[in-house]
Amino acid sequence: MAGGLSLVVRLEPAVREVAMVGRAMRIAMRSWPEPRDIPFDFPAAAPVLAWIGGPGMDLAALRGKAAALAGGWSSVADVLASLARRRLLAWAYGDPAMPALTVEALGGRFAPDYDAAPAEGRRLSRFAYLHRDGTRLVLECPEVDARIVVHAGGQALVPALLSAGTEGSDPALDRLLAACGFLEPAGAEPESRRTWAFHDRLFHEETRANVSGRVQGGTYRFKNAFPSPPAVKPPMSAERIALPQFDKANTSGSLWSVMEARVSRRGPGRRPLHRDELAHLLWRVARVRKVIRTEPQDLPSRPMPAGGSLNELEFYLVVHRCDGLTPGLYHYAGAEHVLEKLPASPAVLASLLD
């Protein structure tokens with residue numbers, strides 16, 4: 001392989017100790033108080049675990065060792081696939097003690113295709129992207145349940161990573177990218193794939209639950225860095241207009257009747273909206289019913305649903321024609337059900353309305 005580098009398979013660094021006990025794998029993780037026995041009935045389990053312990057073993061050497069086993073390479077591949085599904089494997093490219101690249105699984109579905117077809121006729125996926133994650137460079141792709149971390153000793157390989165599959169590219173790196181699923185056919189894409197823009201595909205995959213190994217939702221990663229903003233925005237203006245409140249007696253039609261009568265009208269109506277009608281809409285939809293006090297942050301509760309009761313939106317109104325309100329820019333303070341008049345020049349208002 002180019003430069004003497006190759007893919008090294010090893011146990012995940014979180015594994016403290018592993019051994020076969022009968023037909024079970026006795027494994028000790030650094031985060032576990034005691035070892036556990038996991039059913040692991042593979043004929044090649046014991047030798048494979050011995051080979052990939054410590055610094056690991058490169059793929060070529062594993063294939064050579066497999067030749068002496070019953071079942072050959074396929075028996076070794078079965079063991080590696082099962083370990084990968086259990087998130088017990090790690091992969092390095094180059095010297096295991098100081099690798100140029102490492103491959104990090106983002107889920108239990110990932111395992112390299114050690115027998116991937118040659119990279120000829122393929123190129124780096126157009127959805128792949130290189131970015132900085134803290135102090136590390138990382139190559140990722142929404143189509144792959146893993147990422148390739150570029151360490152300090154591997155930064156010279158970045159041009160070869162990005163030019164995979166092109167004329168003069170590094171065959172060893174191309175094989176690595178092919179095994180990890182970062183390459184795509186160089187020809188025309190099928191219609192179902194052509195319709196995806198890069199940012200759409202990335203957003204789609206990153207926001208699907210349980211697809212990647214990233215922790216999603218309320219991680220509070222800045223909890224100790226700076227305080228969370230208040231649930232209710234501080235007053236924005238001294239000019240405040242109280243709005244009428246409403247109760248259950250002020251009912252509307254049924255949801256069925258409202259939905260059946262709904263139409264889209266994209267131009268202004270002939271009759272101006274009245275301030276009380278506007279107040280009724282804001283009361284039903286956007287008011288702050290209460291503030292929920294929690295340890296990490298305070299949360300505003302509104303009539304409309306919001307994930308985790310975050311209710312991140314603030315409501316601003318640009319008024320042109322409204323009986324009972326002068327034209328202008330307003331902020332709706334939902335906790336008090338008032339409008340706050342904000343300074344805005346006629347030119348700004350015209351631009352917003354336009």
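This note walks through the sheets, cores, cysteines and a few single residues of a predicted model.

1. Ground rules. The model is predicted, so local features need pLDDT of at least 70, side-chain atom pairs count only at pLDDT 80 or more, and totals for chains, interfaces and linings use all residues. Residues are numbered from 1 along each chain as its sequence is written, and side-chain values use heavy atoms, with hydrogens and water left out.

2. Start here. Strands (DSSP runs of E, at least two residues) and helices (runs of H or I, at least four residues) are numbered from the N terminus. Seven strands make an open, antiparallel sheet in the order 5-1-6-7-11-10-9. Two strands count as paired if DSSP finds at least two bridges between them. Strand 5 (57-58) and strand 9 (129-133) are the edge strands, and each pairs on one side only. Strands of a sheet pair through backbone hydrogen bonds, either parallel or antiparallel.

3. Strand 6 and its partners. Strand 1 and strand 6 are antiparallel, with five bridges. Arg10 stands opposite Ala90 in strand 6. On to the next pair: strand 6 and strand 7 also run antiparallel, joined by three bridges. Here Ala92 stands opposite Thr102 in strand 7. Strand 7 (residues 101-105) is in turn joined to strand 11 (residues 146-150) by five bridges, again antiparallel. Ala105 has Ala146 in strand 11 as its bridge partner.

4. Is strand 6 buried or exposed? Five of its five residues are buried, so strand 6 is largely enclosed by the rest of the structure. Buried means under 20% relative accessible area, exposed over 50%, and partly exposed in between (1.4 Å probe, protein chains only). Leu89, Trp91 and Tyr93 point one way from strand 6, while Ala90 and Ala92 point the other way. In a regular strand the side chains alternate between the two faces of the sheet.

5. The buried residues of helix 1 (residues 45-52) are Ala45, Val48, Leu49, Trp51 and Ile52. They cover an arc of only 160 degrees around the axis, which puts them on the same side of helix 1. That arc is taken from the directions from the helix axis to the C-beta atoms. Gly54 follows helix 1 and has a positive phi, near 60 degrees.

6. The cores. A nonpolar core is a set of buried Ala, Val, Leu, Ile, Met, Phe, Trp, Tyr and Cys residues joined through side-chain atoms within 4.5 Å. Which members of the largest core touch the most other members? They are Leu80, Leu89, Trp91, Leu101 and Phe182, out of 57 residues. Apart from this core lies another, of 14 residues, among them Trp283, Leu317, Leu325 and Tyr332. In soluble globular proteins, nonpolar side chains tend to be buried together.

7. Leu101 in detail. Contact means heavy atoms within 4.5 Å. Leaving aside neighbours within four places in sequence, Leu101 is in contact with residues including Trp91, Tyr93, Ile148, Val150, Leu161 and Leu176.

8. Strand 19 (residues 328-333) and strand 20 (residues 338-342) pair over five bridges. In strand 20, Leu339 is the bridge partner of Tyr332.

9. Cysteines. How many disulfides does a search of the whole structure find? It finds zero. A disulfide here is a pair of cysteine sulfur atoms within 2.5 Å. The sulfur of Cys180 is 11 Å from the closest cysteine sulfur, in Cys141, which is too far for a bond. Cys180 is buried, at 4% relative accessibility. Cys322 is buried too, at 9%.

10. Ser301 lies in strand 16 (residues 298-301) and is buried, at 9% relative accessibility. Beyond four places in sequence, its contacts include Arg287, Arg289, Ile292 and Asn311. Pro235 is found in the loop between helix 7 (198-206) and strand 13. Pro235 is exposed, with a relative accessible area of 61%. Leaving aside neighbours within four places in sequence, Pro235 is in contact with Arg240 and Glu340. Pro235 and Cys141 are 94 residues apart in sequence and 44 Å apart in space, C-alpha to C-alpha.
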